[in-house]
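User: I have a structure open and want to learn how to read it. Can we go through it step by step?

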Amino acid sequence: MPLAHQLYDTALVLAPTGRLDHDNCEAFREELAPHLERSAKDGTSIVLDLSGLEYVSSAGLRCFMLAAKQAKAQHSRIVIASMQPVVAEIFQIARFNLVFEAYPKVRDALAAMSPAAAAAFDRG
Amino acid sequence: MRVRFWGTRGSIPVALTSADIRDKVAVALMRAGGRSFESIGEAYAYAEQHLDFSLSHTFGGHSACVELETGHDEYFVCDLGSGARPFGAHVLARQSGRPATVNVFMSHVHWDHIMGFPFFGPAYVPGTRIRIHGCHDVLEHAFRLQQAPPCFPVEFAQLSADIEFVRLTPGEAREISGIRVTPAAQMHSGDSFGYRFEAPGKSFVYTTDSEHKLENRAQTERFVRFFQEADLVVFDAMYSLADAISVKADWGHSSNIIGVELCQMARVKHLVLFHHEPAYDDATIEGVLRETRRFEELTRGTQALQVSAAYDGLEIEV
């Protein structure tokens, strides 16, 4: 799964796309791993921009759970933003809305990270 | 085949409180809005058609006990949780004094799955045959132990029925009184076992107290084969997925999400959510059912999966 990334001040936006399920969840974890490690080292916050994610299965949700656990253990922060309605419903049914802070838009998430991150986003 | 649920609650029996009943009655009266009913039948019809199930009924509180009516004289039942007490009363009433033969299939011997046996009426009737099937080597020990002093006043040896323990092997099918029964090993503390029951053209899977590790594809594929094209799967959906894979990981239970996904992969016809969390009230279980049906819609392939939530008293024709 391609994982586009963009740094805004000290917040890193990662954007998984397509479907996240049994077939590609391990590849997604491998893509995510270096960003989580960096987050532990330099305190970068992570925003998962899910606007391009069309579907997530239980296996995909497990990847999100592992990322949330790792972030918590290393005292870093990972949040989600811009979920498509279907993915938002699946998160709610699986009670992942209780695991992640979720924001309507990426900018909202960045603003919650820091004013500098939101300002960097506004500058484009 | 007909499946009849005598106990559907997980871990420990629960009961509605007087406040729960008061609240249900009060809300029902409010919803009726001054309507009057000419007969009790009209009132029943109103309750059935216009009130939420969680308001007009209850999912119930007995721990696991599920009967499989096979059309044969002998009884088949999965687990002997507290639901075994009303199941026993049903057997005695139906037998009208004739001794019964009861085939029991034990998922495991944790207390909530055996606690009904000391109150299982047919165990006290001479001539009754009770065959307790299972895959655990501690099966007989567990049943004897819970009736030994100081836990219970009637020791196992004092039971009048002819009680036999039958050891089954996971993965090995056995023909039992016209039904093909195949046990499958499951992940649970101390191990548990699911059962697939097959009669010509019909299949029913009972799988409770079973955790599914999402990262274990071999296990997933094994369960898809076990469930393959079953008419009915009774599935441990005790926790939300988030809880099942985080704070309650390794507690030995599963979730509604995993139940739907496994049943979709196996092209099952009907999934029944079972082993309800004891902390959930009726409205919460009804909410979980509603959400599970929605999840099934969102993820449906070419075949729809019917989804129900088990309740004490539910009967499903397979």
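Analyst: The questions below move from the whole of one chain to single residues; the model is a predicted one.

User: How compact is chain B for its length of 318 residues?

Analyst: Start with the parts: chain B has 10 helices and 14 strands. Its C-alpha atoms fill a box of roughly 60 × 50 × 40 Å along the principal axes. The globule rule gives 20 Å for 318 residues, and the radius of gyration of chain B is close to that, so the chain is as compact as a globular protein of that length. The radius of gyration itself is 20 Å.

User: What share of the residues of chain B counts as buried?

Analyst: A residue is buried if 20 or more other C-beta atoms lie within 10 Å of its own. Of the 318 residues of chain B, the share that counts as buried is 46%.

User: How far apart are the C-alpha centres of domain 1 and domain 2 of chain B?

Analyst: The domain assignment puts 2-14 and 58-317 in domain 1 of chain B. Domain 2 of chain B takes 18-31 and 39-56. Between the two C-alpha centres the distance is 30 Å.

User: Is strand β9 of chain B largely enclosed or largely open?

Analyst: β9(B) covers residues 192-199. On one side, 7 bridges join it to β8(B), residues 179-186, in the antiparallel sense. β9(B) also pairs with β10(B), residues 202-207, antiparallel over 5 bridges. Because 6 of its 8 residues are buried, β9(B) is largely enclosed.

User: Which residue of β10(B) stands opposite Glu198(B)?

Analyst: The hairpin of β9(B) and β10(B) has 2 residues between its strands, and Gly201(B) takes a positive phi near 80 degrees there. Across this strand pair, the residue opposite Glu198(B) is Ser203(B).

User: Which helix gives the largest share of the side of chain B that touches chain A?

Analyst: The contact takes 16 residues from chain B and 17 from chain A. On the side of chain B, α8 (241-244), α9 (256-266) and α10 (282-299) each supply at least two residues. The largest share, 4 residues, comes from α10(B).

User: How many charged residues does that side of chain B have?

Analyst: Sort the side of chain B that touches chain A by class. There are 8 nonpolar and 2 polar residues. The charged residues number 6.

User: Which are the edge strands of the open sheet in chain A?

Analyst: This sheet has 5 strands with mixed pairing, in the order β1-β2-β4-β6-β7. Within it, β4(A) and β6(A) run parallel over 4 bridges. An edge strand here pairs on one side only. The edge strands are β1 (3-8) and β7 (102-103) of chain A.

User: At what angle to β4(A) does helix α4 of chain A run?

Analyst: Helix α4(A) spans residues 106-113. It lies across β1, β2, β4, β6 and β7 of chain A. Its angle to β4(A) is about 170 degrees.

User: What is omega for the bond that joins Pro149(B) and Pro150(B)?

Analyst: Most peptide bonds are trans. The bond between Pro149(B) and Pro150(B) is cis. Pro150(B) sits in the loop between α6 and β6 of chain B. Omega is about 5 degrees.

User: Is Ser82(A) buried or exposed?

Analyst: Ser82(A) lies in the loop between β6 and α3 of chain A. Its phi is near 60 degrees, positive although the residue is not a glycine. The cut-off for burial is 20 or more C-beta atoms within 10 Å. Ser82(A) has 23 such neighbours, so it counts as buried.

How values were computed. Residues are numbered from 1 along each chain as its sequence is written. Chains are lettered from A and ligands numbered from 1 in the order in which they are written. This is a predicted model: local features need pLDDT of at least 70, side-chain atom pairs count only at pLDDT 80 or more; totals for chains, interfaces and linings use all residues. Domain bounds come from an automatic or database domain assignment. A residue is buried if 20 or more other C-beta atoms lie within 10 Å of its own, exposed if 12 or fewer, and partly exposed in between; C-beta atoms are placed from the backbone. Two strands pair if DSSP finds at least two bridges between them. Two residues are in contact if their C-beta atoms, placed from the backbone, lie within 7 Å. Ala, Val, Leu, Ile, Met, Phe, Trp, Tyr, Cys and Pro count as nonpolar, Asp, Glu, Lys and Arg as charged, and the others, Gly among them, as polar. The radius of gyration is taken over C-alpha atoms; the globule rule is 2.2 Å times the number of residues to the power 0.38. Axes are lines fitted to C-alpha atoms, for helices over the stretch in contact, and angles run from 0 to 180 degrees between N-to-C directions.
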